[in-house]
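Hello,

I am passing this structure on to you, as promised.

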Amino acid sequence: MANNKSAVLVCTCGKQLQLDYELIKNAVSKMKLAASVTVHDLVCQEEGLAKISELIDKHDGRVVIAACTNQKLQPRIDEYLKSDGKNSTQLQYVNIREHSAWVHENQEEATRKSIDMIRGVLARSAGSTLRQVEKKNVPSHVTIVGGGIAGIEAALSLSNLGYDVTLIELEEELGGHVIHLPVVAPTDKSGKEILAGRLDALQKNKGINVMTKTRVKFVEGEMGSFTVHYTTDGDEDEKTIGTSAIVMATGFREFKPTMMDEYRYGKNPDVLTQFELSCMLSEGALARPSDGEEVKDIVMVQCVGSRNEEYKRDCSKLCCTFAIDNSLSIIERVPDAKIRVIYMDIRVPFEHEMIYKESRDKGVDYIRGRISRVWEKDGKTHVQFYDSLLNQYFEVTPDLVVLSSAILPPDGTRELSETLGYLIEDDGHIKELYGKLRRNETRRRGVVAVGGVTRPQFVSEAVTDAQAGALMLHTELQGGSIESVARGAVLNVDDCVGCSLCAQQCPRGVPLMIEQTDIEEEDEEQKFVFIASIDTLLCHACGVCQSLCPTGATQLNFLSNEQLWSEIEATLEGAGPDYPITLCFYCEECSVSTIDIVGTRKMNYPASTRLIPVPCAGRVSIIDILKALESGASTVMIAACETDRCHIGGTGNEIAQVQVDVAREILTAIGWKGKRVDMFRMFSAEPERFTTAINEMVKRAKELGPTPVHQGTSGKWMEASK
Amino acid sequence: MVEVKTLVSNPVLVIGAGVAGLTAATQLADFGIRTVLVDRLPIVGGNAMDLYKAFPTDDCSYCFEGSRLRPGIRKCFYRSAILDQPNIDLKVNTEVTEISGSPGKFQAKLSVGPQYIDSKKCIMCGLCIECSNAFCLPSPQCQPQAVIYDPEMSDEGAKKAEEECPTKAINLGAQPSEETIQVSDIVIATGYHEMKPVSIDEYGYGKIPNVVTQLELAQILDPNGKSGGALVRPSDGGQVKRVMMVQCVGSRDENYYPFCSKICCVYALKHANIITLERDGTQVTVVYMDIRTYDRHERYYRVARDAGVRFVRGRVSRLEACADGTLDIIAYDSLLDKYLKFNVDLFVLSSALEPPKGSAELIESLSLHPASGFVGPADLTSENAVVAADHVYVCGAATGPAEIPESVTQARAVVSMILQSRK
Ligand SMILES: Cc1cc2nc3c(=O)[nH]c(=O)nc-3n(C[C@H](O)[C@H](O)[C@H](O)COP(=O)(O)OP(=O)(O)OC[C@H]3O[C@@H](n4cnc5c(N)ncnc54)[C@H](O)[C@@H]3O)c2cc1C
Ligand code: SF4
Ligand code: SF4
Ligand code: SF4
Ligand code: SF4
Ligand code: SF4
């Protein structure tokens, strides 16, 4: 490498940090990878930013900034440099404030820690490469699966945003469940009226191609180049369309409780589900199915199949409102109808409460209790129920028994997941990327889910969902010209041995295994039928594939194996038994926040700790852990996000856990102590999770004493890639 | 082909910088639309700033989505880089006092409070806090990441801080100002206010210190708070052994708000579970009419029952403060048809979520449709919850009580609609 030295810019934070800057300056200027050292008082202010810009020019972009948390500093510096026309992709950061000066009382120790971490990051910087903005054009076409209200709204939204849209519907008619609703609370309007405007707009829109009686079979490819395979109208011949992204809007399915003997559904024609009653009402045909007689007396049963360990554990959310809506519709038609609703809790959100009240005022009788059984006798339907407030059983003979049956995911959700790559929730719905903030995206890039397929939703919620889902795709596709700095995994195809670990374990399903069709006969030995392919622009830069790849074929372009290994080694220079060091790899999501907040709150912990950031805990491999021990660390910990809360898509931290578990087994097997390695979960609302963890590892470092490396009794580990 | 990066000159005004407003502003900014984001408080985040852990994920409440500037699935408030987003003009301590003009060309008059601290300059070095009690860091997660100054607490040290602040970020003489901006669209993200049930005499709120609301309880449980997360009695800091929660305080009540506040059951049980499972040996009893844990939130109810939280369907009929700081309570259990006696250390009210101050004026000045005091949709039949009027949008709890995930989804829908209208 021509020049892999970096300029180091050390900030005093307005002269407020208790560090020995003379010592830092001296030590750093002696480091072989440091081109220069500058101590500055305010790196984050105008003058400091200008200084960075100047250093970038002088040192070909290789600058190490030792200051406060990069979580705040980096965006500001990036913006400044961008407007200055500079490339900031090689800048590296060391946090000497929140991660050192603010948390260690002993100035000498904090200074030493800061120097070690600067040395480490200089090594990382030496291996850094310049990254540029890359562009990619993709067709501005999106396919929507499902033509209920969410699918229709998504089609209109995407079309308005400038995309060509294909809308695929299984049935003959668009409109899904909504078209059958007699009233949609709180609008007072029928489902048909609510749909009318949208169907009209759809008709007039030239950019939306509607295909009814069409079934999606499976999908190939990735964002920007999906191929959807489908069949139309019973025709067995499979056809395809190319598309850049897919919206899943396949709605929901109402549970048919035929197996719940107590309700006689499917056996007694006068036992209906709530949705069947809705259809009856919206067709204006309220009558007893068994004999067409007038309906005067109705029993509605809530939570049929819902809140039930056997069928659906959770609440279906909509059925209480549906029952009330239908009760009011019935009363409008048959004012003297007697309606009893048997329930556990009536769950009606916000203003629906007022409709609930209205129904009570109009005479609907709400009975807290449960049905014991339904049976037929003398041509009548008998119902026995228990009233838990009166602690009494009652028997009635209604004309209709209406079951508020559970809302379930639609058929085919699981089958499509196999090729669309989204994950499935425990309840069978499509799993969202992150429950608090990312409801429409799925694990798979370029696939969003909207409406009932993700969870039971009211009509207005499904509409909002569709509008939001459209925006999320627009953010991804950027109108067809995707432009971003390629920060992520880069594959060296020649090194790939086709093991498919990356494709199996990538939290976002980015690597694809491509069949090699043109393998030459001679090199039978060398032939791999499948080889990975990774589009760096689609990658989320966690490094899971890198930590798993047996050959180092896939590596992050901002944190190669060489970079991390040399950083580990440099950080731990001089680490020995006298001052046992705990090395902590921390993910740059919840863990960095937790550690930063510990800093901001100035919560103390021992300074015999060295911190190395990784984008996701899943980036840390067994080899990285062993390298740390080899370089002199006494204990090694990984700080990661909570279980199932990985920022990348749910599994990076679990992969890290596996690496830690295996590393511990290896250590124990070779006569070390597995306890030298551990992993901890954290988030910033509970900062003491970090201090507890690191105190524990520092304690273990002391208790477990010198490592075989310190004692000179261990061999060197072989790198797996050599 | 869609052109995305055009800088549309007509800015959008987002009123309220809670999770909803923040999401709307960052998304708009990502698409190159200039956004003026105002909040009357000195920091962003709104109510989410004070919730500690949030359902449905049980991790911090103070995070929101990433942006192009901060890619990722989510980012804490402190690292959201709102201040450094070139398309966002954040104005805290600011209120919108008047809106005139016509859709697409609104004039909004802003009254901007004194900017004592230049938050772009403050580096949180802590020097001023050492000098004077008038400065404080509102929360380690606060955004802007800067101290705030309270002129009422000013002392000698404040002057010294002003002189010695290493970045010259302090201006004690700052004055309020007014400005009028022209915007094409308005996004209402004013959120909710948790009702302070002082007027409901029977619960003694505001008179008895150990009677608190759920939001106040969240702050007691917060490890970043005063007691470091220990569940203590406000009256004397003593350990809490028994807690009673009462649901539907001011909600579902014709005398106050006839609507259901929709999420109080979920957060009450969230708190009940934290207390029962993570704060040793504390017994929680919940007095309720219906437990409304919709959809997957049912999990909180299941966990609560398994954890040993007691549920009493009925109502509290008497509450009396004892000399030792505890409370004697008599509750009617409608399932058992019995009156039950309790003695607790802390009595927690699941108080109604009401429209924040100023909502009525806002609704009036823009001729919007009220929904129990919150902002309703322009056209009910369209089922377009986020469109409040021509060029006026609404998201988050400003539409009525809403949880964070809903608020965020709605904010995205708003941005979607604004972009659609500009194509
Ligand atoms: C005790 C409690 C626990 C909760 N727990 C959870 C939970 O675990 N998970 C969850 O998802 N949700 C929870 N919530 C709900 C959560 O608080 C809301 O979903 C969320 O805060 C709504 O965000 P918002 O942006 O819509 O409103 P807000 O957070 O209320 O923000 C609105 C902002 O607008 C500002 N503002 C208002 N009016 C004006 C004006 N006229 N001019 C300028 N600024 C104005 C306010 O100052 C505020 O900053 C909880 C609520 C409570 C009360
Ligand atoms: S909405 Fe009502 S009927 Fe439906 S599952 Fe929930 S509580 Fe039961
Ligand atoms: S870095 Fe992570 S997101 Fe990217 S391809 Fe590898 S495993 Fe997938
Ligand atoms: S893990 Fe490595 S070797 Fe295996 S398929 Fe992926 S890139 Fe190829
Ligand atoms: S002294 Fe200045 S820079 Fe330091 S915390 Fe106070 S205002 Fe901020
Ligand atoms: S959510 Fe629960 S506590 Fe809140 S008003 Fe509704 S029923 Fe009452």
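Let me begin in chain B, where B:Pro56 sits in the loop between strand S3 (53-54) and strand S4 (59-60). Helices (H or I, at least four residues) and strands (E, at least two) are DSSP runs, numbered from the N terminus. The peptide bond that leads from B:Phe55 to B:Pro56 is cis, with omega near 5°. A cis peptide bond also joins B:Gln143 and B:Pro144, with omega about 0°. B:Pro144 belongs to the loop between strand S10 (135-136) and strand S11 (148-149) of chain B.

Some background before I go on. This is a predicted model, in which local features need pLDDT of at least 70 and side-chain atom pairs count only at pLDDT 80 or more, while totals for chains, interfaces and linings use all residues. Residues are numbered from 1 along each chain as its sequence is written, chains are lettered from A and ligands numbered from 1 in the order in which they are written, and side-chain values use heavy atoms, with hydrogens and water left out.

Next, two backbone angles. B:Met124 is not a glycine, yet its phi is positive, at about 60°. You will find B:Met124 in the loop between strand S9 (105-112) and helix H2 (127-131) of chain B. Is B:Met124 buried or exposed? B:Met124 is buried, with a relative accessible area of 5%; here buried means under 20% relative accessible area, exposed over 50%, and partly exposed in between (1.4 Å probe, protein chains only). In chain A, A:Asn391 has a phi near 55°, again a positive value in a residue other than glycine. A:Asn391 lies in the loop between strand S18 (380-387) and strand S19 (392-396) of chain A, and it counts as exposed at 54% relative accessibility.

One salt bridge brings together the side chains of A:Asp41 and A:Lys15, at 2.8 Å from N to O. A:Asp41 is in the loop between strand S2 (34-40) and helix H2 (46-58) of chain A, and A:Lys15 is in the loop between strand S1 (6-11) and helix H1 (21-29) of chain A, so the pair ties together parts that are 26 residues apart in sequence. A:Asp41 is partly exposed at 29% relative accessibility, and A:Lys15 is exposed at 61%.

The side chains of A:Lys431 and A:Asp644 also meet in a salt bridge, at 3.7 Å from N to O. This pair links distant parts of the chain, 213 residues apart: A:Lys431 is in the loop between helix H11 (413-420) and strand S22 (447-449) of chain A, and A:Asp644 is in the loop between strand S30 (635-640) and helix H18 (652-669) of chain A. A:Lys431 is partly exposed at 22% relative accessibility, as is A:Asp644 at 40%.

In chain B, B:Lys160 forms a salt bridge with B:Glu164, and their closest N and O atoms are 3.9 Å apart. Both residues lie in helix H3 (residues 156-164) of chain B, four residues apart, which is about one turn of the helix. B:Lys160 counts as partly exposed at 44% relative accessibility, and B:Glu164 does so at 40%. Elsewhere, salt bridges that share partners join A:Glu432, A:Arg439, A:Arg455, B:Asp295 and B:Glu403 into one network.

Finally, chain A as a whole. Its domain assignment gives domain 1 (1-131), domain 2 (141-252 + 409-481), domain 3 (254-408) and domain 4 (486-519 + 526-556), with bounds that come from an automatic or database domain assignment. The C-alpha centres of domain 1 and domain 3 of chain A lie 68 Å apart. A:Ser560 is found in the loop between strand S27 (554-556) and helix H15 (561-571) of chain A, and it is buried, with a relative accessible area of 16%. A:Ser560 and A:Val490 are 70 residues apart in sequence and 9.7 Å apart in space, C-alpha to C-alpha.

Enjoy exploring it!

Best wishes

Conventions:
A salt bridge is a side-chain nitrogen of Lys or Arg within 4 Å of a carboxyl oxygen of Asp or Glu.
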